[in-house]
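Reader: Could you take me through this model, starting with the open space and then moving on to the packing?

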Amino acid sequence: MTATGIYAPKPGAAPLPRMIAAQAVLETKMLLRNGEQLLLTVVIPTLLLVLFSTVDIVDTGEGKTVDFLAPGILALAVMSTAFTGQAIATGFERRYGVLKRLASSPLPRWGLMTAKTLSVLVTEVLQVVLLTVIAFALGWSPQGNPFAVLLLLVLGTAAFSGLGLLMAGTLKAEATLAAANLVFLLLLVGGGVVVPLDKFPEGAQDVLGLLPIAALSDGLRDVLQHGAGTPWADLGILAVWAVAGLAAAGRFFRWE
């Protein structure tokens, strides 16, 4: 075989799994290098966990405060990454034409969304590990079935990802930035993360309990704090939000 035959170029796209993996690595690096994203996904949940666990600010009922707070902060971490962070980042990528250019590359659009989802999952794993270590240092004593916890986290991620992509794909970037942060603050207060839902009026409790953050917080708390079995009601609420959010995002997402 001649040298020309050995080194002849072979143009073409890389295998699809390799393209998705490369894009997922890029998305993860971009997220971890963004100071604002780190503030939202790491610093704020960590500060809330440490502050509310060490200072008697909210009456969390019987038992150690950290046992109540840790599941809620884990739920907040999922929301901060899968919803708030993803919505803001994707919204500005859409505004600056990044999504349009990537959509014209060999990587299919569904492959790009898969890469974004993988990036979210990697970030959440890092968040869960960090928050778990801090919670253990504060005296956390988790119980329950790890499989039920994993199922809750996966469904919660799907629900918040769908809602985040829906917002990013339909609103202008500036509106997405304002709306995502506003929703984050409202759900932090009214979603059962640091304030128990039973502190709200009875009528409000029924409505707030249907929110995805409340279902995720309560489901994790039932398992990790009370050692309950699989929380099917909370899983059902998250599944409905996941299906509705992802379907709406797929239908109404605009790439330009």
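**The pocket and its surroundings**

Author: Helix H4 gives the most to the lining of the largest pocket, with 8 residues. This is a predicted model, where local features need pLDDT of at least 70 and side-chain atom pairs count only at pLDDT 80 or more, while totals for chains, interfaces and linings use all residues. Residues are numbered from 1 along each chain as its sequence is written, and side-chain values use heavy atoms, with hydrogens and water left out.

Reader: How much space lies in the largest pocket, and what counts as a pocket here?

Author: The largest pocket holds about 580 Å³, taken as the space filled by probe spheres set on the grid points, which are joined across faces, edges and corners. A pocket is an open set of points on a 1 Å grid over the protein atoms alone, where a 1.4 Å probe fits and protein lies on both sides within 12 Å along at least five of seven lines, and lining residues have an atom within 4 Å of a point.

Reader: Which residues lie nearest its centre?

Author: Of the 26 lining residues, Asn34, Gln37, Gly85, Ile88 and Ala89 lie nearest the centre of the largest pocket. At least two lining residues each come from H2 (16-33), H3, H4, H6 and H8, helices being DSSP runs of H or I with at least four residues, numbered from the N terminus.

Reader: Stepping back, how many helices and strands does the chain come to?

Author: The protein chain has 11 helices and 0 strands, and its C-alpha trace spans about 80 × 40 × 35 Å along the principal axes. Of its 256 residues, 46% count as buried, meaning under 20% relative accessible area with a 1.4 Å probe and protein chains only. Among contacts (heavy atoms within 4.5 Å) with a separation of 6 or more, 81% join residues 24 or more positions apart.

Reader: What does UniProt list for this chain?

Author: An unreviewed UniProt entry lists residues 32-256 as "domain: ABC transmembrane type-2", with the caveat that such annotations may be inferred rather than shown by experiment. In the model, residues 32-256 are 76% helix and 0% strand. The unreviewed entry also annotates "transmembrane region" at several spans, including 38-58 and 147-168. Residues 147-168 are 100% helix, with end C-alpha atoms 31 Å apart, and residues 38-58 are 81% helix, with their ends 26 Å apart.

Reader: Now the packing: which residues of the largest nonpolar core touch the most other members?

Author: They are Leu49, Ile73, Leu76, Met79, Phe160, Leu216 and Leu220, out of 47 residues, a nonpolar core being a set of buried Ala, Val, Leu, Ile, Met, Phe, Trp, Tyr and Cys residues joined through side-chain atoms within 4.5 Å. The elements that give it two or more residues are H3 (35-54), H4 (65-95), H6 (109-137), H7, H8 (173-190), H10 and H11. H4 gives the most to this core, with 15 residues.

Reader: What does Leu220 touch?

Author: Not counting residues up to four places away in sequence, Leu220 touches Pro71, Leu74, Ala75, Val149, Leu152, Leu153 and Gln225. A second, separate core of 12 residues includes Ala24, Met113, Ala115 and Ala249.

Reader: Ala249 sits in H11, I think; which residues of H11 are buried?

Author: Asp234, Leu235, Ile237, Leu238, Ala242, Gly245, Ala248 and Ala249 are buried in H11, and the buried residues pack against H7 (146-170) and H10 (212-224). H11 (232-252) has 21 residues and reaches 30 Å from its first C-alpha to its last, close to the 30 Å expected at 1.5 Å a residue, where the expected span is 1.5 Å times one less than the number of residues.

Key: Buried < 20%, exposed > 50% of the residue type's maximum accessible area, 1.4 Å probe, protein only.
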